[in-house]
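Visitor: I'd like to learn how to read a few features of a model like this one. Could you walk me through them?

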Amino acid sequence: MRKAAAAVVMMVVAAAAVAVAAQEKKFGTALTLTEVTKVSDIYANPEKFSGKRVQVQGPIVDVCAQMGCWLALGSDQEFQTIRFKVEDGVIVFPMSVKGMNAKVEGVISVETLSVEQQIAQGHEHAKEQKTTFDPKTVKGPKVNVMIKGEGAVVF
Amino acid sequence: MKWRRWNNTLHRDVGYLVVALTLVYGISGLAINHMADWNPSYRQQKTALTIQPLTATDRDGMIKEALPQLGITEEPRNAFRPDPDTLQIFLPEKTYLIDVPTGQVIVDRVRPRPVLFEMNQMHLNATKGVWTVIADVYAVALIFMAISGMFVLRGKTGFTGRGKWFVLGGALVPLGYYILR
């Protein structure tokens, strides 16, 4: 009788775990926009979107390994990614979301990164990812586009 | 003195209540404090292997070529090409980073550190919601412990005795840091 009860409990727990896993996970504040903007459209004309609130969707191709404070989303076009950055501690994205899809919302920030800034970022990222970074890959100043936000849905 | 008896009883019992949370925040604090040197929440393991260079020119064709060579039978979560020479294949807890022209692969395996991951999630209030309330109550309990602790003993070893000098010494640590840094 006890074994049967234990088996039932385990099945219920397993079913609940599967149900929870299948659900989408919400992080931070609720998404408010209804229209999804293509990442490729933002890159095609960053200045047009600078300071504007957008909702973007894509695969999560990278996650901040230290604080979970940013996601890199793949664009609708290949070879393009966009970073979704949140204030440290506001949202902590677990690394388990890597490879899943996300819908995020925030304000587009456009800034020009100097060579020195890119090199510093490259070294920091390489240290975080335990890889190496070659400063020679930096050819000149680069326009950096990111989404500063407070809310995301991962599915 | 009746208030001191209450103070000591509450100090003792609240102290018992916060033992577990203090250990969680203390251990996690040590781990997070040295984040620059290690990843306190995840164990990251990178291994290298080589497969045949991928000849397909589109993403789906590359995936079809790569999966059997990598021995992957499950459906990947996702795949992405960050640049023309790289294909990323995502599985739960594992990312395959394939250099398309050479077939060199880096397998990036990320697993949460047992116990420490959960402790850090609590410390960083990653889940928000109910934990925010628990953390607030814990913070108030710590403030109470600090204040009530000063009045547990009377006489020479109490606050009015040598205790005040210890309290002053302890206060000088954060004060001194901000003045001298």
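Visitor: How many residues of chain A are in contact with chain B?

Guide: Contact here means C-beta atoms, placed from the backbone, within 7 Å. On that basis, 15 residues of chain A touch 20 residues of chain B. The chain A side has seven nonpolar, five polar and three charged residues; Ala, Val, Leu, Ile, Met, Phe, Trp, Tyr, Cys and Pro count as nonpolar, Asp, Glu, Lys and Arg as charged, and the others, Gly among them, as polar. This is a predicted model, where local features need pLDDT of at least 70, side-chain atom pairs count only at pLDDT 80 or more, and totals for chains, interfaces and linings use all residues. Residues are numbered from 1 along each chain as its sequence is written, while chains are lettered from A and ligands numbered from 1 in the order in which they are written.

Visitor: At what angle do α2 and α4 of chain B pack?

Guide: Two packed helices are described by the angle between their axes and the distance between the axes. Helices are DSSP runs (H or I, at least four residues), numbered from the N terminus. Axes are lines fitted to C-alpha atoms over the stretch in contact, with angles from 0 to 180 degrees between N-to-C directions. In chain B, α2 (residues 19–33) and α4 (residues 116–123) meet at about 95°, axes 9 Å apart, so they are roughly perpendicular (65 to 115 degrees). Contact residues include B:V24 and B:I27 of α2(B) and B:L116 and B:M119 of α4(B). By class, that's eight nonpolar, four polar and no charged.

Visitor: Is B:L168 buried or exposed?

Guide: Exposed, because B:L168 has 10 other C-beta atoms within 10 Å (12 or fewer is exposed, 20 or more buried). B:L168 sits in helix α6 (residues 159–180) of chain B.

Note on methods. Contact = placed C-beta atoms within 7 Å. Helix = DSSP H or I, 4+ residues; strand = E, 2+ residues; numbered from the N terminus. Parallel < 35°, antiparallel > 145°, perpendicular 65-115°, else oblique.
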